[in-house]
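Visitor: I am new to this structure and would like to learn how to read it. Could you take me through some features one at a time?

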Amino acid sequence: MITVGAPMMAATAEPKPTTKQLAAEVEKLYSDIEALTEQYNGERVRLSAAQRSADVAKKTLAKSEDELAERRQKAAYLAQNSYMNGGFGSAPFALMGGIDPETYLDQASTTYALEMQQGQEVTEVANAMKAAERAKDGASARAAEVKKLLSSLESQRKKITKLVAKSESKLYSTVAASVSGGAARRVSFPVVGDGKAAQAARWALTQQQKPYVWGAAGPSSFDCSGLMMAAYHTVGISLPHYTGSQWTSGTHVSTKDMRPGDLIFFYSDLHHVGMFLGGGFMIHAPHTGDVVRVAPIAGRPIAGVVRIAD
């Protein structure tokens, strides 16, 4: 007998995503945030250009206002002077003063031409001022639009950054359990990315458990900078076998922007280096008596991070 309303099959929990799926999710989020970052950088360039245009328009407007005031003053002076001298209808009085007709006509036409010129220049400057005002308003409006877009992009970037942290937490939770404890053990670590840096990090992981030997760069043992040199050699990039020189061999990046394959330097004298893997972990050759191993970065005295390749 079947009871009405009873479930036909037992409910099953959704399968947990595999490490490969989680790694793909993190990689997509990295790609999204990189695209947003470049869009953000592009809008910042446009904002700077809009602000420069607004500044130029403001200066042009101020110059036009000064020029208009000067032109108006000259026009007013000419009009006042013409009025006080009787304008062009005072020919009899001028002739009575002993000025010959040709001289008078020359003076009158010159005065008239100046008055007309000043009037035209006043109009031209007034029109230029209106154009400058429109340009200033347009540039200011564009700058306001770009600022609004930048705010939106930054908000999206923050959301994706939180998603990255959440996804990485899931991805590296099993790794954290394997790495905890004093004994070194071989760890299967999911490195995100397909570039040379990620490839170098994957190769470095294959060297786990090989002993630390001062001055060694493989194939059977390594010191800290030797491991970095050997890893990047496998992807066609030459690095010197010295932490001080490796420090200047790439681009310095913030710890918050670290990507797999970046070199992390420790202590003020840069005497130790490891390679970032993701999720707060690195691979390194620690010291004499130890072996190449995956280790957490937290709590170590980081001096800086260098990106050797993408």
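Visitor: What relative accessibility does W203 have, and what does it count as?

Guide: W203 has 24% relative accessibility, so it counts as partly exposed. Buried means under 20% relative accessible area and exposed over 50%, with partly exposed in between (1.4 Å probe, protein chains only). Do keep in mind that this is a predicted model, in which local features need pLDDT of at least 70 and side-chain atom pairs count only at pLDDT 80 or more, while totals for chains, interfaces and linings use all residues. Residues are numbered from 1 along each chain as its sequence is written, and side-chain values use heavy atoms, without hydrogens and water.

Visitor: How many aromatic pairs does the search of the whole structure find?

Guide: A pair of aromatic rings is described by the distance of the centres and the angle of the planes. Rings of Phe, Tyr and Trp (its six-membered ring) pair if their centres lie within 6.5 Å; planes under 30 degrees apart are stacked, over 60 edge-to-face, and the rest tilted. Here the search finds 3 pairs. One of them joins W203 and F222 edge-to-face, with 6.2 Å centre to centre and 85° between the planes. This pair links distant parts of the chain, 19 residues apart: W203 is in helix α4 (residues 196–205), and F222 is in the loop between α4 and α5 (224–233).

Visitor: Is F222 buried or exposed?

Guide: F222 is buried, because its relative accessible area is 1%. Another edge-to-face pair is W247 and F265, at 5.2 Å centre to centre and 90° between the planes. W247 lies in the loop between α6 (243–246) and β1 (251–253), while F265 belongs to strand β2 (residues 263–266), 18 residues apart. W247 is partly exposed at 21%, whereas F265 is buried at 0%.

Definitions and conventions:
Helices (H or I, at least four residues) and strands (E, at least two) are DSSP runs, numbered from the N terminus.
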